[in-house]
Amino acid sequence: MPNPGTTTLTLHPDFRRGALDRRLFGSFVEHLGRAVYTGVYEPGHATSDEHGFRGDVVDLTRELGATIVRYPGGNFVSNYRWEDGVGPREQRTPFLDLAWRTVEPNDVGTDEFLQYCERTGIEPMMAVNLGTRGVEAAAALVEYCNGEAGTRWADLRIANGRTEPYGVRLWCLGNEMDGPWQIGHKDADAYGRLAAEAGKAMRLVDPTIELVACGSSSMQMDTFGEWERVVLGHTFDVVDHISMHAYYEETDGDRASFLASGTAMDRFVERVVATADAVSAQRRSDKRFTISFDEWNVWYLQSRFVGEKNLPIQRDAPRIIEDVYSALDAVVVGDLLVTLLNHADRIGVACLAQLVNVIAPIITEPGGPAWKQPTFHPFARTAATARGEVLDLRVDTATTTTAAHGDVPLVTAAATIDPATGHLALFVTNRSPEPQTLVLRTPGARLTLVDALEVTADDVPAVAGPEHAASVAEKHVRTFELGGDDGVDGGEGVGGEPAATRTVTLAPESWTAFTGTLARA
Ligand code: AHR
């Protein structure tokens, strides 16, 4: 039984789980609230480019390190006619989006978004409407985006001013189709059949695309498990990924359960992987579906959101679900990233939902500044330092019992190594309200720690505004140097090899990202 105050972490550069797909650091922009209008797009803003996209948001998006952006929804996509958002602006007409009961002006559509991605150096991940529409509209959109000249939809793109195909690789077959709130919600059979036929047609237009089938909207859905089994059965030969969505929040002041959200995410991933592998096994197939965790975050959904049905009909980019985050939320986001990294062998894509204003790491004020929420910091640091391959760590830590998730580890960790340079990125969460001694054992290897970024949780309510965000960052996010090479102390290694150890102290309720090098001794 490990000592509750000490965690021992053993790592070796040769023990690896698999390559890290950088699409794990994706994000999401939906036509929802102020994500698009006065979020990424605000013509006339002091920093906007000639296309109307805010330069301050582009700069922060680059600093965040987002690699892909999912678009245009979300629930929005399930009642969206993409044709309404292309062509001359003066001919585009507003429509009433029923998902968020908001008037969508159609000023930004497919071309504006894809060109914004190109300018920002981000890969787009597009979703097609399988709520109110189907095979024909989905295939037409792929042709509009990726088709060569000489056919109807590709020629429309060219007529709209874009000659070169965009080459969009990643496509979601609808969004959360298991959810009764979804416009055009379906049961697993109906959705699975439609997704298979839409995917087949989309691939006939462009065989190089990757397709994501909708999994469950959360592990709490009554249909969870059976939904994945039925949908993957129908779409087996067509799709590459199955989606997962999960949002976490602190409820009834149960801080310990909230801090252990990463374990809930961990179990969710394991259950989806098990279900997907069972579908393959039953067919005696070696096919391994990967996961597109295309919505994840902290979201005070139950405690702060009125529900989409209760929203009044609004226009002009209303402020919807603009959660303000605390340093505690940032620690949980860091820990959720630890879970994602540890499943990098099966998670091919992940998207922090969302990018700007709507449950987002970046907030803007119309005509004013853009700033970072506390959750920005763990994401940016992980995206900047994790690279290469994910290590298979051994973490010996005590457990604690939580009301929501039962027994959970007190300390979690993930690490990556760049085999070419030995660059090590190590991420550790201490969920305990007490400090932890972390013993790093590297039998047969030499560890050098260079620096660390530490996020510590707070107790104060989060307050909207750039000043509050800056003060949280000042008090709860700190970087520090960790001097040099710790050498090899011998004696403890595997098979008589030398062992290096290093001891560091983890702050209570903290997430720490270390960088350094790890190489065979
Ligand atoms: O990200 C906000 C919403 O959460 C998305 O539109 C939907 O897919 C999910 O329920």
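Visitor: Which residues belong to domain 1 and domain 2?

Guide: Domain 1 consists of residues 6-10 together with 391-520, whereas domain 2 covers residues 21-387. Across the boundary, 42 residues of domain 1 are in contact with 33 residues of domain 2.

Visitor: What is the average pLDDT of the protein?

Guide: The average is 95, and 97% of the residues score at least 70. Where pLDDT is low, predicted coordinates should not be read in detail.

Visitor: Switching to strands, which ones close into a barrel, and in what order?

Guide: The barrel is closed by 8 strands with parallel pairing, in the order β3-β4-β7-β8-β9-β10-β11-β12. On average, and with direction ignored, neighbouring strands of this sheet are turned by 30° against each other.

Visitor: Over how many bridges do β3 and β4 pair?

Guide: Strand β3 (residues 26-28) and strand β4 (residues 68-71) pair over 2 bridges in the parallel sense, and F28 stands opposite R70 in β4.

Visitor: What lies across β4 and β7?

Guide: Helix α2, residues 110-120, lies across β4 and β7 (123-128), and its direction is at about 155° to that of β7.

Visitor: How many residues of α2 are buried?

Guide: Of its 11 residues, 8 are buried, so that α2 is mostly covered (buried here means under 20% relative accessible area). Among the buried residues of α2 are F113, L114, Y116 and C117. The buried residues of this helix pack against α1 (55-64), β4, β7, α3 and α4.

Visitor: And what follows α2?

Guide: G121 follows α2, with a positive phi near 75°.

Visitor: Where is E148, and is it buried or exposed?

Guide: E148 sits in the loop between α3 (135-146) and α4 (152-159), and it counts as exposed because its relative accessibility is 59%. Leaving out residues up to four places away in sequence, E148 touches A154 and P165. The C-alpha atoms of E148 and S216, which are 68 residues apart along the chain, are separated by 35 Å.

Visitor: Now the largest nonpolar core: which residues touch the most other members?

Guide: That core has 138 residues, and those touching the most other members are V40, W171, L173, Y191, F293 and W296. Helix α10 (residues 327-342) gives the largest share of this core, with 10 residues, and the core draws at least three residues from each of domain 1 and domain 2.

Visitor: What does V40 touch, if I skip residues up to four places away in sequence?

Guide: With those left out, V40 touches V29, A35, G52, F53, R54, V57, Y116, L355 and V356. Another core, of 24 residues, lies apart from the largest one and includes L11, V411, A413 and A445.

Visitor: One last topic, then: how many residues are there between β17 and β18 in their hairpin?

Guide: There are 3 residues between β17 and β18 in that hairpin. Strand β17 (residues 399-402) pairs with strand β18 (residues 406-409) in the antiparallel sense over 4 bridges, and T400 stands opposite V408 in β18.

Conventions
Residues numbered from 1 in each chain as written. Predicted model: local features only at pLDDT ≥ 70, side-chain atom pairs only at ≥ 80, totals over all residues. Heavy atoms only, no water. Core = buried A, V, L, I, M, F, W, Y, C linked by side-chain atoms within 4.5 Å. Buried < 20%, exposed > 50% of the residue type's maximum accessible area, 1.4 Å probe, protein only. Domains from an automatic or database assignment. Contact = heavy atoms within 4.5 Å. Pairing = 2+ DSSP bridges. Axes fitted to C-alpha atoms, helices over the stretch in contact; angles between N-to-C directions. pLDDT = per-residue confidence, 0-100.
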